[in-house]
Amino acid sequence: MSRPTFDDYFMGLAQAAARRGDCTRSQVGAVLVRANRSTCGTGYNGVMPGKPGCLEGACPRGQLSYEECPPYAPYDSGTGECIATHAEMNALLFLPDTEQAVTCYVTRQPCRDCHFALMLHGVQRIVWPEGEWNA
């Protein structure tokens, strides 16, 4: 039996977090990892605690097919606005200001806004199944 690489291990944690996602269209998970390979934040896409989410039918986009509302469709396309917070943003909520050299493992490529937020918080590397970004 071979041990998984650290990238595979942390991506597995992100995939586990994704299963908590409250979206009918896409479940995404994110894990923030320090340089010493300890986690410092996790997140998944969903609404604020205590609020009705996609699984309860509260999201206008969650009731549409991919043909009616393709991924990354602009909000002004008439499909309504997604009510969930992205996994990366939820993970950043728990990141201490003092963290350095953090890597974010996320189960799909971050959107432009999440990528920018991760950079602003000093994330040095972003890894997703099909690629990665380095500062």
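Which loop is Cys111 found in? Select Cys111 and you'll land in the loop between β3 (102–106) and α3 (112–120). Helices here are DSSP runs of H or I with at least four residues, and strands are E runs of at least two, numbered from the N terminus.

Before going further, some ground rules. This is a predicted model, where local features need pLDDT of at least 70 and side-chain atom pairs count only at pLDDT 80 or more, while totals for chains, interfaces and linings use all residues. Residues are numbered from 1 along each chain as its sequence is written, and side-chain values use heavy atoms, with hydrogens and water left out.

**Stop 1**

UniProt positions follow the numbering used here, with feature names shortened, and annotations may be inferred rather than shown by experiment.

Is Cys111 buried or exposed? Cys111 is buried, at a relative accessible area of 17%. Buried means under 20%, exposed means over 50%, and partly exposed is in between, using a 1.4 Å probe and protein chains only. Not counting residues up to four places away in sequence, Cys111 touches Tyr72 and His86. Contact here means heavy atoms within 4.5 Å.

Now click His86, in the loop between β2 (39–44) and α2 (87–92). His86 is partly exposed, at 32% relative accessible area. Beyond its neighbours within four places in sequence, His86 is in contact with Tyr44, Asn45, Cys111 and Cys114.

**Stop 2: the listed active site**

Next, select Glu88, where UniProt places the feature "active site", again from an unreviewed entry. Glu88 sits in helix α2 and is buried, with a relative accessible area of 4%. Setting aside neighbours within four places in sequence, its contacts include Ala30, Val106, Arg108 and Cys114.

**Stop 3: checking the cysteines**

How many disulfides does a search of the whole structure find? The search finds 0 disulfides, a disulfide being a pair of cysteine sulfur atoms within 2.5 Å. Cys69 is in none, and the nearest cysteine sulfur, that of Cys59, is 8.5 Å away. Cys69 is also buried, with a relative accessible area of 0%. Back at Cys111, the closest cysteine sulfur is in Cys114, 3.7 Å away, too far for a bond.

**Stop 4**

Select His115 in helix α3. His115 is buried, at 18% relative accessible area, and leaving aside neighbours within four places in sequence, it is in contact with Pro110, Ile126 and Trp133.

For a contrast, pick Asp97 in the loop between α2 and β3. Asp97 is exposed, with a relative accessible area of 77%.

**Last stop: a pocket**

Finish by selecting Tyr44, Gly46, Val47, Pro49 and Asn90. Among the 15 residues lining the second largest pocket, these lie nearest its centre. On a 1 Å grid over the protein atoms alone, a pocket is an open set of points where a 1.4 Å probe fits, with protein on both sides within 12 Å along at least five of seven lines; lining residues have an atom within 4 Å of a point. β2 gives the most to this lining, with 3 residues.
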